[in-house]
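Work through these exercises with the model open. Try each task before reading its solution.

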Amino acid sequence: MPTFGNAQLKLLERLCNVIAVSGDEGEVRRIVLEEVKPYADEVKVDALGSVLATRLGRTKNRMRVMLDAHMDEVGFMIVAADGDGIYCFETVGGINVRHLVGKQVFVGRQRMPAVIGAKPVHLMDAEESTKKVPLESLRIDLGPAGKAQVGDRAGFATQFRRVGPSMMAKAIDDRIGVATLIELFRQAPSNIDLCAAFSVQEEIGLRGAKVAAQYFDPDLAIAVDSTPANDLPLHDGSENTTYNTKLGLGPAIYIADGSTLHDPRLVRFLQATAEAEGIPYQFRQPGGGGTDSGAIQRSLTGIPTVSVSVPHRYTHSPVSIARVDDWKNTINLLHAALKHMTRELIAVR
Amino acid sequence: MPDILPFLKSLLSVAGLSGDEAPAAGLIAEKWRPLVDEVHLSRVGSLHGLRKGSGNSPRPSIMIAAHMDGIGMRVSKIVDGFLHITNIGGIDLRVLPGAEMTVHATSGKEMPAVVVLPPARFLPESAGDGFPGIEHLLVDTGLLPREVARQVRVGDLVSFANEPLELAGGVISGHTVDNRASVAALTVCLEELQNKMHTWDVWAVATVQEEVSLLGAYSSAFALRPQVAIVLDAGFASGPGASGWQAFPMGKGVGLCIGPNMHPFLHKKLKELADRLEIPWYLDITPTDSGTDAFAVQITAEGIPTALMELPIRYMHTPVESVAVKDIERVGHLLAEFVASLEADFVDTIIWE
């Protein structure tokens, strides 16, 4: 089993605390390059900004296995100045505007502190106070002397915390995947060539993964992401049957989502590996949504692809929650799977 | 002038919700102790600091009151490790989803937590496309249900956890700027009074429960029975979402209020003094009830001539309420000068025109 402890949690903390909104992934890219370079046989930053790192194995007849995790997160872009340090902004990626009022954010590369304010409840009538605040009426306020540039990105100011069995942070989607790839890259088994794609712009259309797959031309691919756990109680006490995943049940293996029927051979292989190694796992409830696997699977002449996600609650919000054990078990499952992979797995008869 | 910012930031980093103001009261008492002659708590928890005047006994006294309580929530129900909540004071529900909170558990632990807006399909249809009621929001501590059951009880307090943030241009933003900014202004006044002669006694008061019942204002005014009172509270600064006659620019001066809660003579005196000192001010109008401690103080005992000064803040009752430090200093300075200007017979000059 790969080593797992404080060093891994520290790495995830660093990754979650930096801001890398889709299209401006530099802060995460810097950490990734620093972490993977010592172990890589080849590293490049591609035309879109993804980090593509290869670590060669040592055995004969090795498969090229691509692991993908996206570096970007949802966030904001400053689009117009309103005067007095106040700016209009747009969301980048799928953000529920109900999560924005009253939040602290950092703006631009200099991480300028700012807040998203709202009309005081005292100045509203009863009806207005029960409606969501539309994006058009929200502003980012840097203070009277604040100066941002149109085009600056902004992200939530949330800082990573450990809480009992859990982690609370912004952007667990998908820094936990990025950290997983870094760990697997460092501790890669020698029976495969590991092609690690730290891809850009997943949140706005799976763009980085597509060209990464075309560059690597792997034998198979695994998208490592973080998927929502909607395991909340229902208002009327009835059973929650649409939880997607649940915290604490281990890595979530995808069978089918909105864009991909995941390669059944790989799904079964991951399941069998988990069973054999005694690693907890769960199937993500088949349904909508998707990961980079959608783009990878349809690249080139088709690539056998599967997705594995660490479940987290409260996706794309200022604070997500994931369990340390789910993450550890995800690393363990993927490591065991890589170690036992052979060409047989994807042989066409 | 000593820098008030570190003290304000410490005040903005503690809970001190209505009915449980002790964490704020403790910090304020520590700060005031060297600035006044005596400090004590009222029967209901308001903090009284007395700075004696130089006049002959019995001296008249002025009470300057700012409420120290903050709005927040408490646990109403626990389901599968998730907490249901109810509000303390006028919470704007729309700031809650994704807000970082602290659960003050019965076990003594302070637990980080986040407010959860469940997906629409988990809510009754009546919640609609608008904003569901507080009964549908959840609080998640990240702990396992059995751990939550062991440590948390119905009634435990849930407060905003975000640390204050300094914004560009001398603005500080955080939860409970309403009304800890006024407590800071009152503290600036006490600091200035260290180097000033004043005839009158000064009661510096940090009141409890303004956000729910004005309990502290009623009870302290009754107990201290000042001849004159000035209440400090937060007013609306213009900015996103706030415009019109109730809102005033942040950082451009202090609000001197007129309306039935305020004695017009005191207002006139404050106004004249502000002009003389070249302290920028604006006329803050409250046509019926100011919605502040001034209401309670005014009608206490045989009635107390009361004035109200407001600090313009942005985003009131959100966790990112913002105030200009300069306005805090202005209020403190104006208060100190007003106290120093009070002659022994000032009460007799208070007239109705």
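The model is predicted: local features need pLDDT of at least 70, side-chain atom pairs count only at pLDDT 80 or more, and totals for chains, interfaces and linings use all residues. Residues are numbered from 1 along each chain as its sequence is written, while chains are lettered from A and ligands numbered from 1 in the order in which they are written.

**Exercise 1.** Describe the side of chain A that touches chain B.

Step 1: count residues in contact (C-beta atoms, placed from the backbone, within 7 Å). Chain A gives 51 residues and chain B gives 54 residues.
Step 2: find the elements. On chain A, strand 6 (103-107), strand 7 (112-116), strand 10 (161-163) and strand 11 (166-169) each give two or more residues. Strands here are DSSP runs of E, at least two residues, numbered from the N terminus.
Step 3: Strand 7 of chain A gives the most, 4 residues.

**Exercise 2.** Locate the two domains of chain A and their contact.

Step 1: read the bounds. Domain 1 covers 6-73 + 170-346, and domain 2 covers 75-156. Such bounds come from an automatic or database domain assignment.
Step 2: take the separation. The C-alpha centres of the two domains of chain A lie 31 Å apart.
Step 3: count the contact. Domain 1 of chain A supplies 11 residues and domain 2 of chain A supplies 12 residues.
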